[in-house]
Amino acid sequence: MLDVSLVIREEQIDKILSQERPKRIGLEAPDGLLSALVPLAKRIEERYGVETVILLDHTWGTCDLVNFDAKRLGVDLVLNIGHSIGVEKLGRYTYLIDAEYDVDFGQVLEHAAAVIKRKNLEPVGVVTISNHKSYIMEAIHRLQKLGIDARKGEAEGALFDGQVFGCNFHSARNIAKDVNSFIFLGQSRFHAMGVYLATRRPTFMADPFFNEVVDVKPEGDKFERKAILSIYKAKDANTIGIITSLKEGQFFRSQAYKVKSDLESLGRNVVMFSLREITAERLQAIRNVDAFIETACPRVAMDNENFDRPVLSYQQALGLIRLIKGEDLGDIFDYSFWV
Ligand code: SF4
């Protein structure tokens with residue numbers, strides 16, 4: 001594996017601080033970047049004479065905003081590092097700062113192009129996450145030079161074209177009918193499997209770190225079977241806990257109460273819960289609930305092996321309601337937005 005790390009685009013930070021001239025700022029980042037915030041905070045303090053505070057809670061995505069906390073902390077702005085989208089600012093306080101891998105996809109794209117050609121899967125859609133944002137056009141051009149009909153899909157909302165989240169596959173679904181496969185640039189199986197499940201197109205993860213091309217269908221199919229099994233297990237639950245997240249970008253109260261009302265009308269006993277980090281340890285404190293539905297992040301429910309009872313995402317909950325009504329389960333992944 002190559003020795004590469006995320007490079008924080010510090011020039012963006014300089015521009016914002018020079019313009020805004022704050023007195024105190026907050027810094028947040030995914031776990032892999034947190035240690036890099038320590039020297040960054042010192043540099044910012046020395047250069048701009050501002051106070052800094054590093055927010056140490058998990059920051060999983062642009063859904064992990066801290067605009068409410070920023071007010072209480074008395075900071076003038078927050079730099080959310082490593083989760084960029086198509087806009088620079090979210091809410092009153094949060095600026096999004098790019099952090100990208102400085103890695104070359106050249107070799108792995110040659111492998112990917114050979115696979116696509118051999119399997120006759122053109123045209124191919126190209127998707128990625130924010131940490132490879134600058135590379136997507138270059139990847140498309142490289143594939144085209146290798147004789148592959150490659151394209152990217154238009155995003156919706158604040159994402160850049162070709163960008164996917166773990167819960168947002170608009171860019172892929174917008175071109176799914178025009179392509180016969182996808183290449184996901186990066187090393188996230190969850191994102192690549194999400195593209196496969198949301199589009200039902202063969203999807204290949206082009207991993208530049210291990211220099212391998214992975215067909216995610218076998219893992220995606222296994223993931224789907226597990227997600228469906230949880231729904232069938234939850235069907236036998238008498239008491240169901242529904243969780244609303246307290247995270248700003250994962251706060252979907254209306255979905256939670258809609259599911260509550262549907263389940264109650266179908267004879268289930270429902271208890272409402274609310275918390276920030278939904279973990280197996282926290283749910284273990286509640287012994288008299290048979291299954292949970294979380295309306296926060298689909299990864300919490302579907303990408304977690306540790307729960308001792310069924311924990312369903314919102315899309316799984318919709319499938320559960322259909323099953324209890326005696327209808328077909330349907331395709332629980334046939335959505336562009338999974339929350
Ligand atoms: S998948 Fe989860 S962590 Fe990622 S953006 Fe969506 S809600 Fe946030």
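Phe 184 stands opposite Met 205 in strand β11 of this predicted model. The two strands β10 (residues 181-185) and β11 (residues 203-207) pair in the parallel sense, over four bridges. In general, the strands of a sheet pair through backbone hydrogen bonds, and this pairing is either parallel or antiparallel.

**The five-strand sheet**

- Strands β10 and β11 belong to an open sheet of five strands, whose order is β9-β8-β10-β11-β12.
- The pairing within this sheet is mixed.
- The edge strands are β9 (150-151) and β12 (212-215), each of which pairs on one side only.
- Helix α5, formed by residues 136-145, lies across β8 (124-128), β9 and β10.
- The helix α5 runs at about 155° to β8.

- Strand β3 spans residues 51-54 and contains Thr 52.
- Thr 52 has a relative accessible area of 19%, so it counts as buried, the cut-off being under 20%.
- The side chains of Thr 52 and Glu 45 are joined by a polar contact of 2.6 Å.
- Apart from neighbours within four places in sequence, Thr 52 is in contact with Ile 25, Leu 27, Ala 41, Ile 44 and Glu 45.

**The shell around the ligand**

- Which residues surround the ligand? They are Trp 60, Cys 63, Phe 165, Gly 166, Cys 167, Gln 250 and Cys 297.
- By class, this shell has five nonpolar residues and two polar residues.
- The shell around the ligand has no charged residues.

How values were computed
Residues are numbered from 1 along each chain as its sequence is written. This is a predicted model: local features need pLDDT of at least 70, side-chain atom pairs count only at pLDDT 80 or more; totals for chains, interfaces and linings use all residues. Side-chain values use heavy atoms; hydrogens and water are left out. A residue is near a molecule or strand if one of its heavy atoms lies within 4 Å of it. Ala, Val, Leu, Ile, Met, Phe, Trp, Tyr, Cys and Pro count as nonpolar, Asp, Glu, Lys and Arg as charged, and the others, Gly among them, as polar. Buried means under 20% relative accessible area, exposed over 50%, partly exposed in between (1.4 Å probe, protein chains only). A polar contact is a pair of N or O atoms within 3.5 Å; within protein, one must be able to donate a hydrogen and the other to accept it, and residues adjacent in sequence count only if both atoms are side-chain atoms. Contact means heavy atoms within 4.5 Å. Two strands pair if DSSP finds at least two bridges between them. Axes are lines fitted to C-alpha atoms, for helices over the stretch in contact, and angles run from 0 to 180 degrees between N-to-C directions.
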